[in-house]
Amino acid sequence: MTDRFVRQWQANAEAFAHLIDGRGTPHHREILNPCIEELMGNVRDRRILDAGCGEGYLSRFYAKKGGEVVGVDFSPNLIEFSKETSEEVPIEFRVGNLCDLTEFDAEEFDIVLCNLVLLNLECLEASLQEFHRVLRPNGFLVFSVVHPAFNVYGPGRWELGDRGSRSKRRVGKFFRMDNYFEEKEYKVRWKTRSGQGFPQEFSFFHRAISTYVTLLLQTGFQIAAFKEPRPTSNNPFFDREHRIPFFLVIKAEKT
Ligand SMILES: C[S@@+](CC[C@H](N)C(=O)[O-])C[C@H]1O[C@@H](n2cnc3c(N)ncnc32)[C@H](O)[C@@H]1O
């Protein structure tokens, strides 16, 4: 079953790495990453699992801050890319599936970082159980998803107007959401920076916020932080994200 998803990421790996460009998109840099950094805290000498590391830019970022980082991703192309672009920092990159992390020992990590990956996973419950198992007691998980209540990779849509004169982006008139409780797979074809379609569609799994929270609690996590980060600047490009949150970020501790 996972093979279908691996094929999507393999086919899109080059386009994805190009989009991320070693530092994340403007949305990541302006909204998400400062929030993640705050929740990660001081990572010096902490053993960190970057779960679904993609092309590895967050692994590099936290390794440069003194963390001992292991990056895992099921796309061999993305792991290869991560290795090639991370030679100046010691990071262990491995091909692996977040649905089954048995190659790692119990209580091996201080922190699991899972940035924008859970909404790609069909095996959400199994992966949370695996994160809990590999964390030491009092260790923590930080994860982000596209905000489930305003999920443009799920049932949500912006109704758009003309391009704004200042932002050059189409004005968001209002956000439309329906069938929030219908948890199912959606397929989306991303665009490159130059506006071309990625080679293949990606699969996303929409879940209600209560599903994430319930599964975390059932797995034995305690919720330590629940964030809807806002843009860190007044850049008019992010007018929509000042009005409607784009990301949801949760820090959960292993009790
Ligand atoms: C949206 S990307 C995020 C990558 C990275 N965390 C970042 O912030 O740039 C999702 C990543 O999850 C990986 N992925 C999806 N399902 C996975 C699974 N079952 N096991 C391991 N990696 C998976 C994909 O290959 C992709 O690199």
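## The disulfide

The predicted model holds one disulfide, in which cysteine 99 is joined to cysteine 123 with a distance of 2.1 Å from S to S. The torsion about the S-S bond of cysteine 99 and cysteine 123 is about -80°, and the disulfide is therefore left-handed. The pair links distant parts of the chain, its two cysteines lying 24 residues apart.

Cysteine 99 sits in the loop between strand 3 (92–95) and strand 4 (109–115), where its relative accessible area of 24% makes this residue partly exposed. Cysteine 123, by contrast, belongs to the loop between strand 4 and helix 5 (124–134), and with a relative accessible area of 16% cysteine 123 is buried, since the cut-off for that class is under 20%.

## Cysteine 53

The closest cysteine sulfur to that of cysteine 53 belongs to cysteine 114, and because the two sulfurs are 11 Å apart, they are too far from each other for a bond; a disulfide would require the sulfur atoms to lie within 2.5 Å. Cysteine 53 has a relative accessibility of 7% and so counts as buried.

## Cysteine 114

Cysteine 114 is likewise in no disulfide, and the cysteine sulfur nearest to its own is that of cysteine 123, at 9.8 Å. With a relative accessibility of 0%, cysteine 114 counts as buried, while its nearest cysteine neighbour by sulfur position, cysteine 123, is the residue joined to cysteine 99 in the disulfide.

Methods. Residues are numbered from 1 along each chain as its sequence is written. This is a predicted model: local features need pLDDT of at least 70, side-chain atom pairs count only at pLDDT 80 or more; totals for chains, interfaces and linings use all residues. Side-chain values use heavy atoms; hydrogens and water are left out. Helices (H or I, at least four residues) and strands (E, at least two) are DSSP runs, numbered from the N terminus. Buried means under 20% relative accessible area, exposed over 50%, partly exposed in between (1.4 Å probe, protein chains only).
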